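Here is a short briefing to read alongside the structure. Have the viewer open, and follow the topics in order.

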Amino acid sequence: MTPRLPCGHSPLHPGLLCLLLAAAYAGASRSASGDSVCWSSSVSSCTECIHRGPQCAWCFQEGFLDGAGVAQRCDLPLNLLRKGCPMEYMEQPEVKVEVNATLSSPQVAPQDISVTLRPGSEASFTVAVKQLERYPVDLYYLVDVSASMQENLNQLKTVGVALSHRMTEHSSDLRLGFGSFVDKPVSPYINVHPSKISNPCSDYEVRCRPAHGFHHVLNVTANISEFTRVVKRQRISGNMDTPEGGLDAMLQAAVCQEEVGWRPEAKRLLLLMTDQPSHLALDSRLAGIVRPHDGLCHLENNVYTESTRMDHPSLGQLSDKLLENHISPIFAVEKQQYQWYKNLAGLLPGSYLGKLGLFQAPNLIELVVDAYKRLLSEVEVSVSVEDDAISRFWVSVSPLCPDGSTAKAHSCSGVRPNQTVYFNITIGMRSCPGDGEEDEDVTVVVRPLGYNESTVVRVRSRCRCRCGLTGNCRDGDQSPCGANQDLTDRVREPVQEYNIKDMKNHISDRTASCRADGADVDCSGRGVCECGRCVCEPSRLGTVYGKYCEMDDFSCPYVEGLPCGGRGVCVLGVCVCDEGWSGESCTCPLTTPACRSGDGAVCSGRGKCVYGKCVCDSPQLSGSFCERCPTCHSTCQSYWGCVDCHLSRGLVKEAVEHCNQTCAPSVGYVDYVSAGEVWTECVYIRHSDSCHYRFRTNLESGQTQLYISTRPECVASSRLVRTFLSVCALTVLCGLVVVAASRLLMQRRGWPPGGAAEGVGYQSTGKDLSYIPTSTEKTVTYRRDHPSDRPVEMNIQVPKMPLGDTWLC
């Protein structure tokens, strides 16, 4: 394909050429910095490319941008496509979400999801949580049996039966269990004197049971009588310090599923009753216990055996175990400890805190019922990620409540039975594992609090490139240059054994393949010849490529932000256009669709299509499709006879057949005539009624079309006479008004003799108009005569006064 000359363009002015080059440079800079965020000279492999962002792709096509650096293979998919890389040769790991519809549940759906992510990407899915009307309930009482809880323990003896009757309003099946705790049976938490170990209450002459970390007494059972009997047999114990081992006991009650008898289908409530705060993690170091809790069940004969060997669990560990086993904790504490447990409950998801003045049976019953009702009316989810992957992923939760509101937290309140809450969950991947090249699967669990079901999300990380079926990503140096290595070995040997001329010829043969025909420099002066191939030098303006580094994407004219308008390639600053296009910037179509008018004719049959534009056969023709001819015989005047024929027939359809002999074969009637690009508007004046009749004409496919307006523009002669007389009268009236106004203005400016001067008593002259009334001062004398006195005279001097001053009377 040879470059074509511009279509209808003259040589560019030097100043305009500079502006175009500056615009091209700016466009190339934008492309390199903004549109091509994936490109970097440091990218040398497909793996590095896909790690730059979820929008980046790698082209593994053989010979792509021949001669360009390997970093040019990494770019946005659209840019790679423009450079000639087909979609099937692009490595762009797909981000997708797959839902396993075979696993479903009436409460939580879906239950199994697979998500594929790549570094920097994210994916969203929805989890639906439905609240059923009635649930079975497992309630486990975990009671502090230290000496201060003696009276409170007695209140439990009547709770079982009353609570079972009350819960029938909300649950179809209630089961109760019981366990007790005190503290770790080691010093300094208890008195280790032999007599105090077996009976901590020996000083008070009361028989107490030994201190213990946790004792599971009764499995959850529907036999309320058995629950009451077990509670009545309970005895108190004792310890020395104020805090108790409540958290130790809670973890064992949560993880010992089989021993406690938790049902999978039931709502699980763990009620902790105490009047003191609890020990926290690291408190056991006072007793020399430094081993962290392992989070497992350690019950033998229903007694916690690792109480003296493992530390108290941390709040995070306890929270995870409660969530993992779908247990909702309830704290029943006295008023004095309310604030302490309020802070604790805020760190345990799904927990409920009740403030009791006294541990009385009615108060405990109301506490359990309120906690259960809140558990059902508030739907909240917790999302957990594997510990070793939590730093590489992030999670966002957005709930949609049944009332249509979008809550800011991870929960919805006021949910009624049979209503559904939807949680939109987004998981994003920050980075790959440490080595950066291994794909792995990470498990993310979405747990609705208080539900015995959850959604398991398997996140598959795509950190490696597969590059199609062959697996050849063509990154890095493809292969060493054997011939070049052979030449290097020869150079290393003694020079005198070889002919210098032969070596020069060998080198010349190697470099000849790096020059285009007729070129006197290697690689078009924009690269170096290595192993008989051109390696193009990188440019900050764009990409240099080609067998001889003759192509680039920045030195040719830009159209709509693309070199050569995206319809050709740039070769040494000249656009080599694709088939069907020509011109300096490949903007001239060679095909005829751009020259076809509405009827499908090329240039209205009066011209030829050249570079996508109509070139008319005659200078008399004009218009985009050569549809206009103002000087042709077949213009407005040639159709006057036809129009008159139709007017004389009253513009009815029957007139068409009668006037066909003298008229165009295609005649129509319209209300209004408007000229367009392919229509010519004309006017016919009918002398019989002095009316103007508009019509339009056009030649389409060699056939003349004529449309006559049915609304004439007529002006009566009497109306013209009236208009003329009105204009004349108005002109005369305006002249009289102007003359009168001028006369009055002249009278105001020049006072006539004997007029205003006489009334004032003086006349100003042209010699001195600055002062009035005279050039000297006036003296006014007032005289009063009195019979007994002499006449009194009073003189007043009146000086000259400027003409512009105001007279005051």
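**Salt bridges and their surroundings**

Lys-96 counts as partly exposed, because its relative accessibility is 33%. Please keep in mind that this is a predicted model. The chain has 809 residues, and buried residues make up 41% of them. Its secondary structure comprises 18 helices and 42 strands. Among contacts between residues at least 6 apart in sequence, 63% join residues at least 24 apart.

**Charged pairs**

- In general, side chains of opposite charge can pair when their charged atoms come close.
- The chain has a count of 19 salt bridges.
- One of the salt bridges joins Lys-96 to Glu-98, with the closest N and O atoms 3.8 Å apart.
- Glu-98 is partly exposed, because its relative accessible area is 37%, and Lys-96 is likewise partly exposed at 33%.
- Another salt bridge pairs Arg-263 with Asp-138, and here the closest N and O atoms are 2.7 Å apart.
- Arg-263 sits in the loop between helix H9 (257-260) and strand E11 (267-274), while Asp-138 belongs to strand E8 (residues 135-144), so the pair ties together parts that are 125 residues apart in sequence.
- Are the two partners buried or exposed? Arg-263 counts as buried because its relative accessibility is 8%, and Asp-138 counts as buried because its value is 0%.
- Asp-138 and Arg-263 also belong to a network of salt bridges that links them with Asp-173 and Arg-175.
- Glu-306 and Arg-291 meet through their side chains in a salt bridge, at 3.7 Å from N to O.
- This pair links distant parts of the chain, 15 residues apart: Glu-306 is in the loop between strand E13 (303-304) and helix H10 (315-324), and Arg-291 is in the loop between E11 and strand E12 (299-300).
- Glu-306 is buried because its relative accessible area is 12%, under the 20% cut-off, whereas Arg-291 counts as partly exposed at 42% relative accessibility.

**A buried lysine**

- Where is Lys-184 placed? Lys-184 is in the loop between strand E9 (171-181) and helix H6 (194-198).
- Lys-184 counts as buried, because its relative accessibility is 1%.
- The side chain of Lys-184 makes a polar contact of 2.7 Å with the side chain of Asp-248.
- Leaving out residues up to four places away in sequence, Lys-184 touches Tyr-189, Ile-190, Asp-248, Ser-284, Ile-289, Ser-307, Met-310, Asp-311 and His-312.

- Val-255 lies in helix H8 (residues 246-255), and it counts as buried because its relative accessibility is 17%.
- Which residues does Val-255 contact, apart from its neighbours within four places in sequence? They are Gly-295, Leu-296, Cys-297, Lys-321 and Asn-325.
- The C-alpha atoms of Val-255 and His-298 are separated by 9.2 Å, and these residues are 43 apart along the chain.
- Lys-321, one of the contacts of Val-255, is among the buried residues of H10, together with Gln-317, Leu-318, Ser-319, Leu-322 and Leu-323.
- The cover over the buried residues of H10 includes H8, strand E14 (327-334), strand E16 (379-385) and strand E20 (441-448).
- His-326 follows H10 and has a positive phi, near 60 degrees.

**Helices H5 and H12**

- Helix H5 (residues 159-167) packs against helix H12 (residues 361-377) at an angle of about 35 degrees, and their axes are 10 Å apart.
- The crossing of H5 and H12 is right-handed.
- From H5, Val-159, Ala-162, Leu-163, Arg-166 and Met-167 take part, and they meet Ala-361, Leu-364, Ile-365, Glu-366, Val-368, Val-369 and Tyr-372 of H12.
- Sorted by class, the contact of H5 with H12 has ten nonpolar, no polar and two charged residues.

**Helix H15**

- Which residues of helix H15 (residues 640-648) are buried? They are Cys-642, Val-643, Cys-645, His-646 and Leu-647.
- Just after H15 comes Gly-650, with a positive phi of about 80 degrees.

Note on methods:
Residues are numbered from 1 along each chain as its sequence is written. This is a predicted model: local features need pLDDT of at least 70, side-chain atom pairs count only at pLDDT 80 or more; totals for chains, interfaces and linings use all residues. Side-chain values use heavy atoms; hydrogens and water are left out. Buried means under 20% relative accessible area, exposed over 50%, partly exposed in between (1.4 Å probe, protein chains only). Helices (H or I, at least four residues) and strands (E, at least two) are DSSP runs, numbered from the N terminus. A polar contact is a pair of N or O atoms within 3.5 Å; within protein, one must be able to donate a hydrogen and the other to accept it, and residues adjacent in sequence count only if both atoms are side-chain atoms. Contact means heavy atoms within 4.5 Å. A salt bridge is a side-chain nitrogen of Lys or Arg within 4 Å of a carboxyl oxygen of Asp or Glu. Axes are lines fitted to C-alpha atoms, for helices over the stretch in contact, and angles run from 0 to 180 degrees between N-to-C directions. A crossing is left-handed if the near helix is turned anticlockwise from the far one by less than a right angle, and right-handed if clockwise. Ala, Val, Leu, Ile, Met, Phe, Trp, Tyr, Cys and Pro count as nonpolar, Asp, Glu, Lys and Arg as charged, and the others, Gly among them, as polar.
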